[in-house]
Amino acid sequence: MTRRDVALALGYGIALGVLAVLSMLLGSSSLDAQQLFGGLGAMLGLAEPLERNAQAIVELRVWRAICTLGVGASLALSGGMIQGMFRNALASPSLIGVTGGASLGAAFAILALGGYAPRLVLEGSGGLEAFAIPFCSFVMALATTALVATIASARGRASVTTLLLVGIAVNMCVAGVFAAIQYLTLEEWEVSRAILAWTFGTLDDRKGLHCATVLLALALATLSIPFVARELDLLKGGEEDAESLGVDVARTKRIALVSASLSASAAVAVAGQIGFVGLVVPHLIRLCGAGSYRRLLWHSLPVGALFLLGADVLQRFLLGDGALQPGVMMSLVGGPFFLFLLIRSRREVSTW
Amino acid sequence: MVERLQARGIRFAYAPGQLVLDGVDLDLSRGELVSLVGPNGSGKSTLLRCLAGLAAPLSGTVELDGQSLPSMSPQERALRVAVVPQLLPSLYDVLVEDFVLGGRYARIDRWAGPKASDREALERGLAACDALDCRGRAMSELSGGQRQRVVVARAVAQEAPVLLVDEPTTSLDPEHQVSIFELLARLACDGRIVLVVTHELNLAAQFSAAMAVLHGGKLVARGSVDAMMRSEVLTPVYGERLHFGRMDDGRPFVVPRARLLRRSQG
């Protein structure tokens with residue numbers, strides 16, 4: 001680690017801390033800094049809890065902030081790995097079925113539960129639905145990517161093109177089932193509303209278990225970085241070239257695929273469809289000059305967390321109580337940004 | 001020290017029933033630059049991929065001093081065989097230094113990173129290929145000639161006893177073509193096994209110790225330059241349009257002869 005890396009890490013830490021506190025102070029019920037830190041202390045067992053209502057609000061906001069950080073980092077890291085594996089800077093985790101599978105899983109869970117309104121899971125009513133939906137969508141996201149990977153590698157080695165095509169086909173099937181469920185439940189107000197709400201994504205009402213799921217998957221994916229970063233750099237020259245340099249290409253693809261789908265699935269399962277983080281954050285880092293995966297993958301963790309948390313704080317600050325859900329906000333910010341990137345890198349796109 | 005790369009009875013097909021290589025035997029020895037020539041589609045690059053262990057033949061063996069190359073792990077192979085590929089993507093965000101260090105992948109410890117010996121190999125590779133001035137730049141900024149030298153530099157930095165080179169002079173001007181072949185001949189003289197796949201018959205003739213001619217997936221001839229640069233050998237392979245001659249120092253050359261077109265009177 002050079003001094004520059006230490007300074008960067010420090011900078012990331014401070015920015016994350018400040019944004020996290022800001023995010024916890026913003027919200028429909030007012031909370032001052034003293035209450036916030038008191039409540040935080042109580043959560044860590046260092047202080048007496050605040051009165052019941054205030055303590056509950058603090059806890060909700062803390063989980064929300066942690067969840068946002070974890071989701072942002074997970075999606076960004078996963079996006080970086082997928083782009084490296086596909087050797088294509090326009091790839092994202094949804095290509096291999098993560099988002100589609102998660103949506104389907106959530107829809108199944110909502111059907112089974114017979115409806116779920118995202119804002120009803122405050123204390124008391126908590127319990128089953130708060131965890132059943134993320135659990136089902138996590139499992140379905142993993143199952144879908146596993147299906148894509150299995151079909152693509154049915155005849156020996158999985159080529160990246162096959163993986164891409166199978167991903168598109170499976171995504172289409174999954175989207176068809178999802179649309180069918182939406183259509184068939186159109187008359188059931190609670191169910192159709194819950195399915196629709198899920199597709200917007202939510203960072204509200206997250207609990208400790210949600211955070212733990214995201215952070216655990218993120219930790220596993222992070223541990224895999226040293227095993228794929230140099231390899232993904234060498235893959236830029238093509239699989240055969242990398243192999244001639246000594247890279248075990250099949251193993252690299254396997255590790256990257258498992259890590260990326262694990263972290264993205266957990267993130268999408270817990271927070272719903274939040275597009276563009278996985279696509280845009282690696283680009284942001286490339287624009288800042290860290291084009292090698294040895295740097296990009298590490299940077300994607302704090303930058304992804306900052307990106308999602310920053311966008312969330314910004315829109316809640318601007319829109320107040322009428323805040324949009326993260327999926328909507330990300331599409332509004334991410335869509336134009338992605339277009340900008342496409343126009344900027346037209347040369348690369350044309351050589352696709 | 002590695003002495004001999006031996007291929008025996010190599011058969012290879014991309015699609016069932018369509019043999020690209022049909023029983024190729026080839027011996028390469030240390031200190032020799034051998035050129036593999038033949039028309040487009042004769043199987044040259046495929047043979048190179050088989051020799052490098054990057055393509056698995058249907059049957060046949062590739063052995064380096066008696067050790068089977070295809071059964072080695074990629075890392076073990078990379079310590080023994082370096083490949084200069086014909087085509088690489090633009091690599092727009094890869095620095096020359098990182099690219100050449102890629103040649104050291106099999107030797108660099110995952111946790112410790114590049115050591116002094118790797119840095120020295122990087123320097124030596126770039127110096128040997130006359131590419132030290134490129135080191136701080138991105139791969140996509142290089143001219144065709146510089147880029148080709150850097151790609152060879154990576155293979156040199158790999159410090160493998162076998163060097164397999166696929167058409168290193170396409171899109172290079174004559175000056176750069178000569179400098180690449182000079183470099184390959186020098187690398188062979190240093191005690192490596194060097195095989196170069198090429199369409200440049202005349203460069204091959206001037207720099208190689210031996211030439212091998214591949215035609216329709218079979219090795220139809222192998223021998224000294226003088227024995228190969230003959231109409232009896234090359235005309236059946238390349239067709240009737242070749243003109244054979246000798247340079248003023250007596251070395252053979254061959255040029256394609258154009259049929260004269262008569263302007264139609266109208």
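In chain B, strand β4 (residues 59-64) is joined to β5(B) by two bridges, and the two run antiparallel. Strands here are DSSP runs of E at least two residues long, helices are runs of H or I of at least four, and both are numbered from the N terminus. This is a predicted model, in which local features need pLDDT of at least 70 and side-chain atom pairs count only at pLDDT 80 or more, while totals for chains, interfaces and linings use all residues. Residues are numbered from 1 along each chain as its sequence is written, with chains lettered from A and ligands numbered from 1 in the order in which they are written.

Back to the strands: B:Leu64 sits opposite B:Gln67 in β5(B). Axes are lines fitted to C-alpha atoms, for helices over the stretch in contact, and angles run from 0 to 180 degrees between N-to-C directions.

Another packed pair in chain B is helix α5 (residues 144-157) and helix α6 (residues 174-189), with axes 10 Å apart at an angle of about 10°. α5(B) and α6(B) are therefore roughly parallel to each other, a label for angles under 35 degrees. On α5(B), the contact uses B:Gly145, B:Gln148, B:Val152 and B:Val156, and on α6(B) it uses B:His176, B:Ile180, B:Leu183 and B:Leu187. Contact means that C-beta atoms, placed from the backbone, lie within 7 Å. By class, this helix contact has five nonpolar, three polar and no charged residues. Nonpolar covers Ala, Val, Leu, Ile, Met, Phe, Trp, Tyr, Cys and Pro; charged covers Asp, Glu, Lys and Arg; the others, Gly among them, are polar.

Chain B is assigned domain 1 (1-80 + 162-175 + 187-238) and domain 2 (89-159), with bounds from an automatic or database domain assignment. Their C-alpha centres lie 25 Å apart. Eight residues of domain 1 of chain B are in contact with nine of domain 2 of chain B, and the domain 1 side comprises six nonpolar, two polar and no charged residues.

Finally, the contact between the chains takes 18 residues from chain A and 18 residues from chain B. In chain A, α9 (225-235) and α10 (239-244) each supply at least two residues of the side touching chain B. That side of chain A divides into four nonpolar, six polar and eight charged residues.

Conventions
Two strands pair if DSSP finds at least two bridges between them. Two residues are in contact if their C-beta atoms, placed from the backbone, lie within 7 Å. Angles under 35 degrees count as roughly parallel, over 145 as roughly antiparallel, 65 to 115 as roughly perpendicular and the rest as oblique.
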